[in-house]
Amino acid sequence: MIIVMAFEATAEQVQAVVDRLRDVGADAHVSSGQRRTVIGAVGDRGIIQQLPWEAMGGVERAVPVLKEFKFVSREFQAEDSVITVGDVPVGGGHFAMMAGPCAVESREQLLASAEAVKKAGAVILRGDAFKPRTSPYSFQGLGEEALILMREVRDLLGMPFIAEVLDPRDVEVVSEYADLIRVGTRNMANFTLLREIGRQKKPVLLKRGFTATIDEWLNAAEYIYKEGNHDIIMCERGIRTYEPSTRNTLDISAVPVVKHLSHLPVIIDPSHSGGHKYLVGPLAKAAVAIGADGLLIDVHQAPETAKVDGAQALLPDDFMELMDELRKIGTAVGLSI
Ligand code: PEP
Ligand code: MN
């Protein structure tokens with residue numbers, strides 16, 4: 001059961017609901033978002049559901065939920081969530097193209113890619129300061145120096161930016177600079193990191209773990225939501241299967257499945273799923289056609305020199321061409337890209 005408090009509910013009214021739950025032997029998980037407070041009740045369903053919650057002061061509604069994840073479920077919120085990144089809305093019919101280099105390598109490199117993706121119509125810039133690399137000897141990212149560059153380019157072009165955080169100790173610094181914080185596939189089940197991210201205010205892009213089920217992925221989102229951060233965007237980026245011709249297998253059906261189960265927006269990363277430049281276009285088109293709320297695409301002005309993931313990066317001209325094709329598909333499915 002979830003008890004949704006009215007916008008104007010007082011702290012005393014919230015406490016009264018918590019006390020009432022504890023009186024009947026239930027646990028209360030209070031999630032205070034920017035808009036309202038919601039209380040997740042865990043305990044004997046028969047007892048909890050019988051109580052007249054909506055008669056208590058400050059309670060707007062009480063919602064029975066069958067799934068383990070509650071706050072991110074469609075049962076809890078029927079209408080689509082719209083997440084605002086900087087001033088860019090994502091979800092609920094608002095499509096967001098996020099693009100840029102996989103990693104920030106230098107000011108010149110970042111600025112060249114950023115100007116190109118903006119010109120092509122991207123609305124959020126990507127570029128990482130901290131890279132999760134398979135080998136400890138590979139380029140690990142420029143750290144805070146990259147965040148400073150991202151902020152400079154953001155201010156110059158008026159484009160919010162997304163960057164990954166790998167370590168709970170870096171959440172503060174990344175959230176100070178970035179407009180959207182990314183949890184990568186390798187960290188989807190890092191519950192310490194998820195909790196830390198849930199306690200800060202910036203919106204979060206939560207990638208699906210490459211071995212995670214959709215249920216596990218939604219439970220990861222629940223970790224963030226429960227801590228009070230309700231601004232979560234889901235990102236499907238492929239899962240590991242027995243098929244070696246792609247880096248990962250893009251689970252395109254995750255888009256309608258997540259939309260069926262949850263009110264959160266879902267986007268697709270065709271770059272890290274396919275792992276090859278020639279796959280980015282076809283996968284991106286499928287994403288738009290199936291109703292994804294956005295895309296996250298690697299673009300590099302000189303992929304042959306890229307320190308990370310050059311094989312999957314699009315050249316600015318290819319990206320520009322792809323955007324034109326995506327706009328046509330968007331028009332057919334009622335999305336403005
Ligand atoms: C990325 O987007 O740069 C990235 C590392 O992606 P993933 O976590 O999906 O591998
Ligand atoms: Mn990458």
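A residue counts as buried when its relative accessible area is under 20%, as exposed when that area is over 50%, and as partly exposed in between, with a 1.4 Å probe and protein chains only. L111 counts as buried because its relative accessibility is 15%. This is a predicted model, in which local features need pLDDT of at least 70 and side-chain atom pairs count only at pLDDT 80 or more, while totals for chains, interfaces and linings use all residues. Residues are numbered from 1 along each chain as its sequence is written, chains are lettered from A and ligands numbered from 1 in the order in which they are written, and side-chain values use heavy atoms, with hydrogens and water left out.

**Domains**

- The domain assignment gives domain 1 (2–63) and domain 2 (83–333); such bounds come from an automatic or database domain assignment.
- Between the C-alpha centres of domain 1 and domain 2 the distance is 35 Å.
- Nine residues from domain 1 and six residues from domain 2 take part in the contact, where contact means heavy atoms within 4.5 Å.

**Manganese site**

- C102 (SG), H272 (NE2) and D309 (OD) coordinate the manganese ion (ligand 2) at 1.9 to 2.1 Å.
- Donors are N, O and S atoms within 2.8 Å of the metal (3.2 Å for Na, K and Ca), and since water is not among the atoms, sites may look incomplete.
- Along the chain, the donors of the manganese ion (ligand 2) have the spacing C-x169-H-x36-D.
- H272 belongs to helix 9 (residues 270–274) and D309 to the loop between strand 14 (294–298) and helix 11 (316–333), so this pair, 37 residues apart, links distant parts of the chain.
- Helices (H or I, at least four residues) and strands (E, at least two) are DSSP runs, numbered from the N terminus.
- H272 is classed as buried because its relative accessibility is 8%.
- D309 has a phi near 55 degrees, a positive value in a residue other than glycine.
- Most residues other than glycine have a negative phi.

**Pockets**

- A grid of 1 Å is laid over the protein atoms alone; a cavity is a set of points where a 1.4 Å probe fits but cannot get out, and a pocket is an open set with protein on both sides within 12 Å along at least five of seven lines.
- Lining residues have an atom within 4 Å of a point.
- Grid points are joined across faces, edges and corners, and a volume is the space filled by probe spheres set on the points.
- The largest pocket holds about 370 Å³ of space.
- It is lined by 22 residues, of which P132, R186, R237, R247 and H272 are the closest to its centre.
- The lining of the largest pocket consists, by class, of four nonpolar, six polar and 12 charged residues.
- In this scheme Ala, Val, Leu, Ile, Met, Phe, Trp, Tyr, Cys and Pro are nonpolar, Asp, Glu, Lys and Arg are charged, and the others, Gly among them, are polar.
- The second largest pocket has about 320 Å³ of volume.
- Its lining includes H29, G40, F71, R195 and Y223.
- Strand 3 (37–42) and helix 7 (214–226) are the elements that give two or more residues to this lining, and helix 7 supplies the largest share, four residues.
- Three nonpolar, three polar and six charged residues make up the lining of the second largest pocket.
- Domain 1 and domain 2 each provide at least three residues to that lining.

**Buried residues and their contacts**

- From L111 to L157 the C-alpha distance is 9.3 Å, at a sequence separation of 46 residues.
- F69 is in the loop between strand 4 (59–63) and strand 5 (83–85), and is buried at a relative accessible area of 0%.
- I162, in strand 9 (residues 161–164), is buried with a relative accessible area of 0%.
- I162 and R126 are 36 residues apart in sequence, with 5.0 Å from C-alpha to C-alpha.
- D251 lies in the loop between strand 12 (232–236) and helix 8 (254–261), and its relative accessible area of 15% makes it buried.
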